[in-house]
Every structure is written in C-alpha cells, then in structure tokens.
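The sequence and the structure come before the discussion.

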Amino acid sequence: FFGGGVGLIQLKDVVCRGNETSIMECRHQRPGLTDSACSTHTRDVSILCTANKSVCSHGNVRLVGGGSDLQGRVEFCAGGEWTTICSNGWDKRETSVVCRQLGHSGDGAITLTGNLFGEGTGYVFVQNVGCLGNETTLLQCLASATGGQGCTHSQDIEVICRGSSTLSLVSSSATVAPSPTAVSADTSHRLSPSTMAAIILPIIIILAVLIIVAVIVTLLAWKLLKSKSLMKSEAAGDTIPITDQDERRMSVISEQPSTSL
C-alpha cells in the first residue's frame with residue numbers, strides 16, 4: 001500500500017497476543033535465504049496508526065477552500081488526521097461518490113485539478129482510488145488504492161457537486177469543512193468567478209471551433225455546387241451571354257480601318 005521496502009526481510013509468521021510492548025516479543029520466525037514466500041518486498045506489511053488526539057473519524061470526507069459545502073479540495077480522514085488525495089486515477093466515478101457521501105447529488109458533478117481551491121497540508125494519503133460509482137462512501141473504494149507516495153499537493157483532487165438532492169440521507173461519516181472566509185447566506189452556493197471561468201472557457205472554445213468548421217463546410221459545399229452547375233452548362237452547349245458593353249467593344253474593333261501591309 002505504501003510501497004515496497006528495501007534491504008533484508010527480517011521477520012515472518014509474526015503472532016502477537018496484543019499486550020506486548022515490542023514486535024520482537026511476539027512469536028515469529030526469520031525467513032531463510034531460500035524462502036520463496038518472503039523473497040521479495042511485494043508482501044511487506046503496511047499499517048495505519050490512529051493519532052492520540054484524533055481530529056476526525058476515519059473515513060470522513062470534507063470539501064475545503066471552496067467557500068460553500070458544494071465545492072472544494074477533497075480531504076479524507078485517515079487515522080484521525082485530515083489528508084488529501086492524489087488526482088492520479090481519479091475520474092467522475094470517485095467524484096460522484098464523494099458528493100453523495102456529503103449528501104449531494106452525484107449526477108453532473110465536476111472533477112477539477114490545478115489547485116483552484118488551494119493546496120492542502122499534511123500528507124497525500126492515496127492515489128488510484130478505484131470506485132465503481134455505486135458506493136456510498138469513499139472508504140468503500142480504497143481496497144485497490146495505492147499509497148500517495150510520489151504525489152505532491154499540486155495534484156490534490158478537487159470537486160464541484162451539483163445541488164443537494166439527498167440531504168436528509170447524509171451519511172454519518174460525511175463532513176463538510178467550514179469555509180475559511182465568511183460567506184453570506186444568499187451567495188453561499190454561487191460559484192466563484194475563477195471557477196466560472198474555468199468551466200465556461202472550454203465551452204466557448206468548443207463553440208468557436210464548431211462555428212469555424214461549419215463555415216468551412218458551407219464554403220466547400222457552395223464551391224462544389226457551382227462547379228457542378230458549370231459542368232452542366234458546358235455539357236448542354238450553353239453559351240455565355242454577351243452584354244451590351246461587350247457588343248459596343250466588338251463594334252468599335254470592327255469599325256477600325258485595317259492597315260495594309
């Protein structure tokens with residue numbers, strides 16, 4: 001979970017009663033050089049201790065820095081401390097689970113990166129969270145997750161939830177972080193200008209590209225129709241009509257005296 005170790009593997013088959021003060025007081029064996037079961041660090045044991053003074057309950061989630069309970073940086077309570085989650089392997093399925101755990105609708109939720117709501121502190125707990133999308137809490141998705149080593153807080157995941165359709169069914173493990181700044185009641189659910197810009201700008205770019213493509217297709221279609229029309233005229237033996245101005249020019253040319261050699 002937290003990566004493989006290095007060096008020798010010292011113990012195997014450790015059996016403790018629970019009241020020992022050292023792991024060496026527990027019954028154990030030392031793996032031999034030919035022990036294939038413990039020959040690599042793929043079976044190293046990982047544990048997660050609970051802090052003496054827990055500030056949260058393991059499995060809680062909250063959104064921080066967004067100014068409302070609908071948006072912010074995702075933080076997960078691990079071992080009694082708030083941690084962040086790396087964006088590697090995160091998609092809309094994990095986002096919908098977080099929003100539902102917080103009592104909001106998971107439909108139409110938005111996943112963000114880039115520290116729009118600021119970088120977190122502490123350590124990055126996990127990456128590659130593997131939600132199917134139908135879980136009720138993020139904790140249920142961590143069976144296949146890997147440790148957050150190698151990730152930095154520049155990769156903290158952020159979400160924007162859409163509305164609150166299940167507020168009466170909020171899980172007891174869901175927690176919304178208090179806003180760092182006071183927000184008035186009538187604007188608590190409004191998106192910040194920077195958030196709106198991040199959402200609207202890609203839409204404007206896509207619309208502009210579609211308009212340009214439509215104009216190009218229209219011009220090509222017009223040229224094709226004009227070319228077909230000229231080809232039909234030539235096949236039917238049509239002649240180009242002579243205008244009055246062309247007739248006058250031809251009359252002037254014919255009236256000019258010819259020069260004898």
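Which cysteine forms a disulfide with cysteine 99, and how far apart are their sulfur atoms? In this predicted model, the partner is cysteine 161, and the two sulfur atoms lie 2.1 Å apart. The torsion about this S-S bond is about -90 degrees, so the disulfide is left-handed. Cysteine 99 lies in helix H1 and cysteine 161 in strand S9, so the pair ties together parts that are 62 residues apart in sequence. With a relative accessibility of 0%, cysteine 99 counts as buried, and cysteine 161, at 3%, counts as buried too.

**Disulfides**

The structure holds five disulfides, and when the bonded cysteines of the chain are numbered in sequence order, the pairing reads 1-2, 3-4, 5-9, 6-10, 7-8. The table sets out three of these links, including the one just described.

| Cysteines | S to S distance | S-S torsion | Handedness |
|---|---|---|---|
| Cysteine 56 and cysteine 77 | 2.0 Å | about 90 degrees | right-handed |
| Cysteine 86 and cysteine 151 | 2.2 Å | -75 degrees | left-handed |
| Cysteine 99 and cysteine 161 | 2.1 Å | about -90 degrees | left-handed |

The disulfide of cysteine 56 and cysteine 77, with its sulfur atoms 2.0 Å apart, links distant parts of the chain, since cysteine 56 sits in the loop between strand S2 (27-29) and S3 while cysteine 77 belongs to strand S4, 21 residues apart. Cysteine 56 counts as buried at 11% relative accessibility, and cysteine 77 is buried with a relative accessible area of 0%.

The link between cysteine 86 and cysteine 151 likewise connects distant parts of the chain, here from the loop between strand S5 (81-85) and H1 to the loop between strand S8 (146-147) and S9, 65 residues apart. Both of these cysteines are buried.

**Aromatic pairs**

The count of aromatic pairs comes to two. In one of them, phenylalanine 76 and phenylalanine 125 are stacked, with 5.5 Å from centre to centre and 10 degrees between the planes. Phenylalanine 76 lies in strand S4 and phenylalanine 125 in strand S7, so this pair ties together parts that are 49 residues apart in sequence. The rings of tyrosine 123 and phenylalanine 125 have centres 6.4 Å apart and planes at 70 degrees, so that pair is edge-to-face.

Is tyrosine 123 buried or partly exposed? Its relative accessible area is 33%, so tyrosine 123 is partly exposed, whereas phenylalanine 125, at 4%, is buried. Phenylalanine 76 is buried as well.

**The nonpolar core**

The largest nonpolar core has 24 residues, of which Val74, Phe76, Ile85, Trp90, Val98, Val129 and Leu138 touch the most other members. The elements that contribute two or more residues to this core are strand S3 (61-68), strand S4 (71-78), helix H1 (92-101), strand S7 (124-127) and strand S9 (158-162).

Among these core residues, isoleucine 85 has its surroundings listed in detail. Leaving aside neighbours within four places in sequence, isoleucine 85 is in contact with Val74, Phe76, Trp90, Val124, Val126, Val129, Leu138, Gln155, Asp156 and Ile157.

Definitions and conventions. Residues are numbered from 1 along each chain as its sequence is written. This is a predicted model: local features need pLDDT of at least 70, side-chain atom pairs count only at pLDDT 80 or more; totals for chains, interfaces and linings use all residues. Side-chain values use heavy atoms; hydrogens and water are left out. A nonpolar core is a set of buried Ala, Val, Leu, Ile, Met, Phe, Trp, Tyr and Cys residues joined through side-chain atoms within 4.5 Å. Buried means under 20% relative accessible area, exposed over 50%, partly exposed in between (1.4 Å probe, protein chains only). Helices (H or I, at least four residues) and strands (E, at least two) are DSSP runs, numbered from the N terminus. Contact means heavy atoms within 4.5 Å. Rings of Phe, Tyr and Trp (its six-membered ring) pair if their centres lie within 6.5 Å; planes under 30 degrees apart count as stacked, over 60 as edge-to-face and the rest as tilted. A disulfide is a pair of cysteine sulfur atoms within 2.5 Å.
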